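Student: I am new to this structure and would like to learn how to read it. Could we go through it together, one feature at a time?

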Amino acid sequence: MIESLDKELSAIAVKEASVEQQLVALHEQYPDVFKKIEAIESAQQEVARLKDAVKARLIADQDFDLHTVGDLSVSVSAVAKVKVVDIDKVPGEFKDEMVVANEKKAQEYLKVMGKLPDGFSDASYYRLNWKIKKGDK
């Protein structure tokens, strides 16, 4: 059984190395294509930066009108959102009382006792840890 698993893991590692070698080969074979891809990604970042600058300008100018240029429509909308910083200062009309189960405590109970407390379901899962040691280059 373990021997079969070792063969499977070895085969996957060989395939992974092969895929990485193919990518390196493509980079070597088509360096211009990858340079163009980098240039496009850089241009996309520049476009995002320019959009952020327009947004900042519209906000600074308190300009919430719709701007239309050809097929392009641009506007900034204010979105109201709040978060609590001190629950003790929040007026009662803005508070809801909720009973919340302590899942962390139940998780520790499951680890220690090997069984679930009543009212919980097991959501445990397995994570595959896969790391190939890189040789010195």
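Tutor: Let us begin with helices: helices (H or I, at least four residues) are DSSP runs, numbered from the N terminus. The expected span of a helix is 1.5 Å times one less than its number of residues. One caution is that this is a predicted model, in which local features need pLDDT of at least 70 and side-chain atom pairs count only at pLDDT 80 or more, while totals for chains, interfaces and linings use all residues. Residues are numbered from 1 along each chain as its sequence is written, and side-chain values use heavy atoms, with hydrogens and water left out.

Student: What span does helix 2 reach from its first C-alpha to its last?

Tutor: Helix 2 covers residues 31-60, 30 residues in total, and reaches 43 Å, close to the 44 Å expected. Following helix 2 comes Q62, which has a positive phi, near 50 degrees.

Student: How do I read a salt bridge?

Tutor: Side chains of opposite charge can pair when their charged atoms come close. Here a salt bridge is a side-chain nitrogen of Lys or Arg within 4 Å of a carboxyl oxygen of Asp or Glu.

Student: How many salt bridges does a search of the whole structure find?

Tutor: The search finds three. In one of them, E46 pairs with R49, with 2.6 Å between the closest N and O atoms. Both E46 and R49 lie in helix 2, three residues apart, about one turn of the helix. Another joins D61 and R57, whose closest N and O atoms are 4.0 Å apart. There is also the bridge between the side chains of E108 and K111, at 3.5 Å from N to O.

Student: Why are E108 and K111 separated by about one helical turn?

Tutor: An α-helix has 3.6 residues a turn, so residues three or four places apart point the same way. E108 and K111 are about one helical turn apart because they sit three residues apart in helix 3.

Student: Is K111 buried or exposed?

Tutor: Buried means under 20% relative accessible area, exposed over 50%, and partly exposed in between (1.4 Å probe, protein chains only). K111 is exposed because its relative accessible area is 58%. E108 counts as partly exposed, at 42% relative accessibility.

Student: Which residue is found in the segment after helix 3 (103-113)?

Tutor: I132 is found there. With a relative accessible area of 39%, I132 is partly exposed.

Note on methods
Helix = DSSP H or I, 4+ residues; strand = E, 2+ residues; numbered from the N terminus.
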